[in-house]
Structures are given as structure tokens and as C-alpha cells.
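Hi everyone, thanks for making time today. I'd like to walk you through a structure that may be new to you, so please have it open as I talk.

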Amino acid sequence: MFPALHALKPYPMAQLQARKAALAKAGIPIIDFGIGDPVEPTPAFIPEALKAAVPEVSQYPSVAGTPALRRAVAGYLQRRFAVAVDPDTQVLPSAGSKEAIFHLALAVLDPTTGRDGVVFGTPGYPVYESSALFAGGRAVPVVLERDRGFRLDLAALPAAELDRTAIAWINYPHNPTGACVDRGYLRAQADCAAAHGILLASDECYQDLWFADEPPPSLLQERTAGVLAFHSCSKRSGMTGYRSGFIAGDAALIARLRGWRAHFGVGSPAFVEAAGAAAWADDGHAADRRRIFAAKWAVLAEGLRARGIEVLPSSAGLYLWARVPDGDADAYAARCLERGIVISPGGFFGAGGDGWFRLALVPAVDQCRSAVATWP
Ligand SMILES: Cc1ncc(COP(=O)(O)O)c(C=O)c1O
């Protein structure tokens with residue numbers, strides 16, 4: 001087996017699923033704040049677009065994706081961020097963003113020259129780390145500090161490390177803390193990455209789920225050269241099961257990735273891409289969804305704060321990040337579980353998450369109310 005497989009810890013969300021199954025077996029009613037997999041129905045026009053596109057003859061999809069999907073993505077980037085991209089050369093569909101994130105390191109790391117580091121923040125989405133390990137590279141976790149707004153600041157890393165870094169991942173609105181950044185931050189990271197020959201990769205799957213007046217910016221607003229942004233239909237459009245997203249940015253990189261991704265079967269079915277195209281062409285449903293997540297966040301934040309639990313402010317994303325009252329997150333998660341409440345201990349997201357817990361804004365608003373009424 002590849003050595004990274006031996007070192008692999010169980011995927012944290014798989015652990016949660018197992019605990020939940022045990023509770024269900026014991027007949028305990030469950031309110032699940034664990035996995036970020038929303039339960040609001042997918043807007044009807046999206047499955048309709050999928051059904052209408054199921055062909056009589058089924059043939060292999062293309063890695064480049066359908067022109068209609070690429071055009072819809074370019075239209076979205078123009079409307080949402082005032083960014084102009086060429087749909088043919090600067091957009092590449094993906095089967096959700098997870099696979100695209102994981103695969104990037106395999107294409108970009110070069111262990112033979114020592115340019116083999118993948119920098120990412122902890123706490124953070126676990127796939128950046130596993131992508132580095134499976135590509136035979138070095139995972140370089142950077143602890144994100146609360147008093148620095150959980151911002152990963154590349155310039156604070158030693159120059160020798162930056163010169164060995166192939167990819168730096170940023171993710172704002174941030175999973176798990178809900179931290180957001182402004183364009184000045186994005187510009188500074190892009191400048192630092194360019195100065196050290198690093199590919200700056202921005203995981204932007206929560207960009208349309210904002211609760212405040214100011215929508216979160218995209219790295220693409222700063223530049224498209226030398227950078228890539230990863231977007232997803234999953235949370236924006238209630239399409240986690242469809243597996244549809246895209247990569248956008250540097251045309252030369254996109255061309256290399258397109259050629260490379262043709263070597264493994266990762267092209268999305270054209271009927272899924274038809275659904276994705278319909279989703280990117282519409283903004284109204286995303287606005288409806290973010291109002292629902294904002295309402296859940298507000299109910300939970302108020303309820304937990306009333307119980308003396310410290311909740312970090314957030315203005316976007318799908319999560320609430322709060323401090324464990326007695327410091328031991330695993331024991332606390334077990335206590336919550338006794339009441340049928342599933343939470344994610346902060347350690348699931350790396351060492352930087354110790355002492356905190358995450359709630360995914362998944363249960364309906366009334367379930368959020370019942371949960372805070374019985375919260376331990
Ligand atoms: C930060 C982050 N990036 C990427 C993903 C992957 O999402 P998907 O593959 O559904 O697009 C997730 C999923 O929860 C996430 O939290």
C-alpha cells in the first residue's frame with residue numbers, strides 16, 4: 001500500500017456517521033449538527049434541468065465540461081464578483097470541489113525539486129492535508145489564531161518554507177470557524193504567493209452563504225493569473241449529492257489540469273452539468289438559502305450565549321464555532337450525544353481546533369430552538 005494509507009486517520013465525518021448510527025439504533029431522537037450536508041430541498045428547477053438532460057444514448061462525459069456549464073459559470077463570476085473569465089480557457093468543471101482539491105496536489109507537487117509543500121490552515125478542511133500526503137509531499141499546517149481572525153498569513157512563514165511550497169490553500173468564509181476576509185488580505189496573499197512561485201488556491205465553496213450586508217470577496221477579484229479558485233454547487237444550491245463544482249483562474253494552469261484530468265475518470269455526467277448550469281445561472285435560490293442559514297446561526301448563537309457558551313461572531317458560511325465550556329471537546333461531544341445532539345469536536349479540523357466545537361447549520365430552525373433548550 002502507499003505509505004500515506006498506513007498513516008491515515010479515519011475521516012472525521014465517517015466517525016460521526018458511526019456515532020449517529022449507534023444512537024439511531026438505540027432509538028434516541030437525533031439533532032445532527034455534525035456534517036455540513038444541508039437538508040433544505042434542492043430548488044425544483046435544478047432536478048428538472050437534470051431530468052430534461054438525461055439522454056437516450058449514454059456516452060462518456062468530457063473533462064472540459066459542457067460549453068453551457070462553462071458559460072453559466074462565467075456569467076455567475078461576472079454577476080457576483082464583476083470578474084470576467086473566458087469560459088473556454090479559464091473554467092474547468094469538477095465533480096464537486098472535494099475531488100478537485102484532493103487531486104490538485106498530484107498535478108502540482110514536485111518532490112524531485114523539493115517544491116513539495118502544501119500549506120493550509122488548522123483548524124481547516126482535512127482534505128488539503130490528505131492531498132499533500134497522497135501526492136508524496138509535505139503537509140505544512142499553520143495554526144490559525146483567533147486574535148488574528150483565523151487568517152492564514154503567508155508572509156509570516158519563513159522564506160525557506162515558502163520557497164519549498166507548491167500550493168497554499170486559503171478558505172474564507174472559513175470552515176470551521178466562519179471567519180471572513182477582505183480584498184486587502186487576498187491581495188497580500190496573492191502578492192506573497194507570486195513572489196515565492198507558489199500556486200495560491202482559494203477554496204470558495206461558501207462564498208454565497210453570507211449573513212451580513214457585505215458579500216465575501218473572491219480571490220479572482222484580485223487576479224486570475226497564477227491563482228485558482230474552487231467553487232461548488234453543493235451548499236449554494238443544495239446539491240451535495242449531485243457532485244458539481246468548478247475550478248477557475250489562470251488559463252495556462254487550467255489547460256494543464258484539463259489535459260491531466262483526462263487521464264482519470266472525473267468528468268461529470270452531462271445531465272449533472274445541465275443541473276449545475278441552471279444553478280449557476282440563478283441567484284434567487286442562493287439568496288433564499290442564505291437567509292435560512294442566517295436564521296439558524298442567529299437562533300443557535302443566541303441560545304448558546306444565553307447558556308454562557310462563547311460563540312465566535314461570523315458573517316458567512318455554514319457553521320457556528322464555539323468554545324467548549326470545560327475545555328475537553330471529545331468529552332463534551334459525548335455529553336451532547338447523550339441528549340441526541342451531534343456536534344463536531346474542534347480537533348476534527350486539526351490541532352488548531354482543540355478546545356472548540358463546530359455546529360453545521362443543518363437542522364431546521366425549530367430543531368435548532370429545541371436543541372438549545374436542552375443544551376448541556
Ligand atoms: C472547506 C470545504 N471545501 C470543500 C468542500 C467540499 O465540498 P463539495 O465537494 O461538496 O463541493 C467542503 C465540504 O464540506 C468544505 O467544507
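I'll start with the ligand and its surroundings, then move on to the cavities. One thing to keep in mind is that this is a predicted model.

So, what surrounds the ligand? There are 16 residues around the ligand, and the closest are Asp-203, Tyr-206, Ser-232, Ser-234 and Arg-243. Sorted by class, that shell holds six nonpolar, six polar and four charged residues. Helix 5, residues 97–108, and helix 9, residues 233–236, each give at least two residues to the shell. The largest share, three residues, comes from helix 5.

Now let's look at some atom pairs. Ser-234 places a polar side-chain atom 2.6 Å from an oxygen atom of the ligand. For Arg-243, an N or O atom in the side chain is also found 2.6 Å from a ligand oxygen. Lys-235 has a polar side-chain atom 2.8 Å from an oxygen atom of the ligand. As for cover, the ligand taken alone exposes 400 Å², and the protein buries 91% of that.

How many cavities of 30 Å³ or more does a search of the whole structure find? The search finds three.

The largest cavity holds about 60 Å³ of space. Its lining includes Phe-120, Trp-169 and His-174, with strand 3 (117–122) and strand 5 (165–170) each supplying at least two residues. That lining has eight nonpolar residues, four polar and no charged.

The second largest cavity has a volume of about 40 Å³. Among the residues lining it are Pro-173, Glu-204 and Leu-219.

Key:
Residues numbered from 1 in each chain as written. Predicted model: local features only at pLDDT ≥ 70, side-chain atom pairs only at ≥ 80, totals over all residues. Heavy atoms only, no water. Near = heavy atom within 4 Å. Polar contact = N/O pair within 3.5 Å; in protein donor to acceptor, adjacent residues only side chain to side chain. Areas by Shrake-Rupley, 256 points an atom, 1.4 Å probe, with all protein chains shown as cover. Helix = DSSP H or I, 4+ residues; strand = E, 2+ residues; numbered from the N terminus. Nonpolar A, V, L, I, M, F, W, Y, C, P; charged D, E, K, R; others polar. 1 Å grid on protein atoms, 1.4 Å probe; cavity = no way out; pocket = protein on both sides within 12 Å on 5 of 7 lines; lining within 4 Å. Points joined across faces, edges and corners; volume = space filled by probe spheres on them.
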